Amino acid sequence: MNEVIVHQVDITHYCLVELSKLADQAKPFYDWVEKTAKRLTGSHKELNEILMSANKTDIVSIINACYHEVEEKRPLLFDGIGRVYPHAKACFYFFAWIIRDAPQQRLVPLIARMRQLENLDKIVAETDTLVGLILEYRSSVRSFCWLTVREVVMDRLEGSRRSIKGHHLEASIRTAIITAFQNYYSIHGNYGKYKKVTIADKQIKIGNHTIDVSVGLMPSDDSPIQTLLMPIKTRETEGGGHSHIFTRDIIAAVRELKDDKSKYHMIAVIVALNWSISELRNIDNQIDKVFHFNMNPNKFVGFDEASQIELNKYIQGILDNGRYQ
């Protein structure tokens, strides 16, 4: 990403590109809600027109159908650092975002209060609240089309990211992997050979090894769950033996997992200046793929277009065939 220098002052908005990319990954969720609305109302119209004109009964049906969807090949929704919301919370946030600001801070306490007053089921209270807000304020909002919703989602994600300290580089990598999976879902409406994809919201431990970003892949048949592992390594300086140490750690992890090789896919992400070419080749020979970004990690703002396309193809191969080809 190029710096934006105006009158000798750097005004670059580094996180805008990443937040825009993450907001775009809400599009499959939006499309899924739209398909649900069309199916229930029998309408050929877009979600915007349906929500702007639907009666209370239809809106209740749409929201309830989204909450109670049992098909596991359903799209995902994410917070500002790319962590996946549980499905019920994703439904609540999606509808709340399009009609109410700060739902977690301002709306959730009000819903908790009404549940105490009338002993209501959580989903019933949330649904009634969302329906009431849509009916009352849709004439003020005026649009539920995707471009409008995208701007709202990006704003909500930025607020979410501000409230979550640290993990910025991890969030950038998670955004890239989310983009790859959502790109596949937007094309196929599913996750290929897998009925469910679970993106871990924090580091995981396998044996003595810590993995920064990981994805669980549940096959559609009775095969064992597979896991995509993405260790991340950064280095701010050019000197030292970090590349050899990291290579050693990766190879040690691969050796530890080799007996269960069918359960694991592995990508390494390295963000560092002048990493040893021989060490990169050594790692690449041991695992599926290595992404090396030759830059100081303080300037890393996520996968560039070429790297994202390469990652998309890698994920497509796994989802299509069950293994990296």
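Axes here are lines fitted to C-alpha atoms, for helices over the stretch in contact. The model is predicted. Two packed helices are described by the angle between their axes and the distance between the axes.

**Helix 9 and helix 12**

- Helix 9 (residues 168–188) packs against helix 12 (residues 305–321) at an angle of about 55°, and their axes are 9 Å apart.
- Because angles from 65 to 115 degrees count as roughly perpendicular and those under 35 as roughly parallel, helix 9 is oblique to helix 12.
- The crossing of helix 9 past helix 12 is right-handed.
- On the helix 9 side, the contact is made by Ala 176, Ile 177, Thr 179, Ala 180, Phe 181, Asn 183 and Tyr 184.
- Helix 12 contributes Gln 308, Leu 311, Asn 312, Ile 315, Gln 316, Leu 319 and Asp 320 to this contact.
- Sorted by class, the contact of helix 9 with helix 12 holds eight nonpolar residues, five polar and one charged.

**Helix 2 and helix 5**

- Helix 2 (residues 27–41) and helix 5 (residues 87–97) cross at roughly 85°, with axes that come within 12 Å.
- Helix 2 and helix 5 are therefore roughly perpendicular to each other.
- Phe 29, Tyr 30, Trp 32 and Val 33 of helix 2 meet His 87, Ala 90, Cys 91, Phe 94 and Phe 95 of helix 5.
- This contact of helix 2 with helix 5 has eight nonpolar residues, one polar and no charged ones.

**Strands 9 and 10**

- Strand 9 (residues 264–272) pairs with strand 10 in the parallel sense, over five bridges.
- Opposite Ala 268 stands Val 290 in strand 10.
- Strand 10 (residues 289–293) is mostly covered, with four of its five residues buried.

Key. Residues numbered from 1 in each chain as written. Predicted model: local features only at pLDDT ≥ 70, side-chain atom pairs only at ≥ 80, totals over all residues. Heavy atoms only, no water. Axes fitted to C-alpha atoms, helices over the stretch in contact; angles between N-to-C directions. Helix = DSSP H or I, 4+ residues; strand = E, 2+ residues; numbered from the N terminus. Parallel < 35°, antiparallel > 145°, perpendicular 65-115°, else oblique. Left-handed = near helix turned anticlockwise from the far one by under 90°. Contact = heavy atoms within 4.5 Å. Nonpolar A, V, L, I, M, F, W, Y, C, P; charged D, E, K, R; others polar. Buried < 20%, exposed > 50% of the residue type's maximum accessible area, 1.4 Å probe, protein only. Pairing = 2+ DSSP bridges.
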